[in-house]
Amino acid sequence: MLKFDGEVSSDIFVGLTQLQHRAHDSAGIATFDGLSYHLHKGMGELPGVFTEDILRSLKGSSGIGHVRWTTAGDINVANAHPISGIFRGEPFYLAHNGELTSRENLELSFSDYAPEISTDTKFVAALISNSRAFTFDEALREACTVLCGTYSLLVLYKDTVYGIRDITGNRPLVFGKTDHAFILSSETVAFDVLGGRLIREIKAGEVLRLEKGSKEPSSFMLLQTPVSMPRKLQFCLFEMIYLLHPASIFLGRTVERVRERMGENLFYEHPLDADIVIGVPDSGRAAAKGYARISDIPEEEGFIRSHYAGRMFIEPVAKRPYKLLIKLRTIREVIYGKRVVVIDDSIVEGRTAKKVVGMLRDAGAKSIFFLSSSPPITHPCYYGVPTARIHRRLIAKDHATNIDVIRQEIGADYLGYLSLEATVDSVIETIPVVEDYPCLEKDDFCTACFTGIYPIPLN
Ligand code: SF4
């Protein structure tokens, strides 16, 4: 974020609170006050990492912040972002969403660089730090000629903040503005909370530069990227299914509307005869709304969710059974004696689905039809969503062609998934709220976790 006047740290903190649903392993903010840099980072969620005194100590009108969900490397404070480097004697800071692939050469070249850091982002810092370029812009450009994988990067270098999106646009990055600041963020909800508005998405392969004193940002394109990187859009489909906040606008569309459309298409593919439709809070709710609208089956609030429980999928495995118990409560009179269509956004390990079915049975449901508003997740993600860590436990890994095994495992009377084609179509069919948003094509999406076809080389 670059503020035209005044201190930036509190605004960054407030913006980050709107992104906490994406990650909560660690958090950090780096600022620049015209003379010096200030950095604070720590483990866990934002309120535990920052106090008012700490925020006050982060002086300056330019800065970047990050909440981390661990993909590469260990979960420790050395790996918390922003990660620092030094270019021509001047520090800079980086925050990264995504994951670098084909890292062997980088690991060999920079085996001695910052040994305390084990995350892939350090290679970006190492490339820039070791660059012989004369300008920082050139050093960034050079680094991106060798980076393979996915990255949306924020970079703080003196009074300038950069936003960089890799050539596939896999991870989101949006640009917004308030009356007092330019903002770069993974999601538009971070602008909303600050009274800002979306200007546009950062283009795939674009470097946007926000400079102190400049009324408008400037940008340049990454013209040279590794030949192994596809010169083709590969938006992460799972962002639309699960990761993005429902109120965010991405790919020109409001995420909530896309998920409702997934629910409508779910009915076209699984037209069930039932008494009520229930969405598993929170991200199954929009699809339930869409399913109910098209089917004329009433949508009911069958579950009440505790908002203190967080998101299951980003929880460490050891904590999940406990979290699952406190997360959801059923409303018995809504469910008792009913044939229930229950919809969740996805089925990852199947533990949540099994628990949900068990709770509905306990509440007296007559029949339970479980629907997923996305296809079976069969493969790990290596592009920034850390399902590689739970790959062996993906319930559809061995049973995608025989989902009756999964149905039995979760205990439902019926199990249905939205097809991959309909999932992609749901995004494309949703009417954009951004004027003149470019047409999306069916092959503009990464679908590797549903197909095992990885568009960006892994090695
Ligand atoms: Fe997104 Fe799945 Fe592709 Fe990873 S593999 S980028 S989660 S669609």
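Author: Two strands count as paired if DSSP finds at least two bridges between them; helices (H or I, at least four residues) and strands (E, at least two) are DSSP runs, numbered from the N terminus. This is a predicted model, where local features need pLDDT of at least 70, side-chain atom pairs count only at pLDDT 80 or more, and totals for chains, interfaces and linings use all residues. Residues are numbered from 1 along each chain as its sequence is written, and side-chain values use heavy atoms, with hydrogens and water left out.

Reader: In what order do the six strands form the open sheet?

Author: Strands of a sheet pair through backbone hydrogen bonds, either parallel or antiparallel. Here the order is β5-β6-β7-β8-β12-β13, with antiparallel pairing. β5 and β13 (218–221) are at the edges with a single partner strand each, so one side of each has no neighbour in the sheet. From one strand to the next, the twist averages 20 degrees.

Reader: How many bridges join β5 to β6?

Author: Five bridges join β5 to β6 (residues 90–100), and the two run antiparallel. Within this pair, Phe-87 stands opposite Glu-90 in β6.

Reader: Where is Asn-79, and is Asn-79 buried or exposed?

Author: Buried means under 20% relative accessible area, exposed over 50%, and partly exposed in between (1.4 Å probe, protein chains only). Asn-79 lies in the loop between β4 (62–68) and β5 (83–87), and is buried, because its relative accessibility is 0%. Beyond its neighbours within four places in sequence, Asn-79 has contacts (heavy atoms within 4.5 Å) that include Arg-68, Asp-74 and Glu-116. Val-77, also in the loop between β4 and β5, is partly exposed at 42%.

Definitions and conventions. Axes fitted to C-alpha atoms, helices over the stretch in contact; angles between N-to-C directions.
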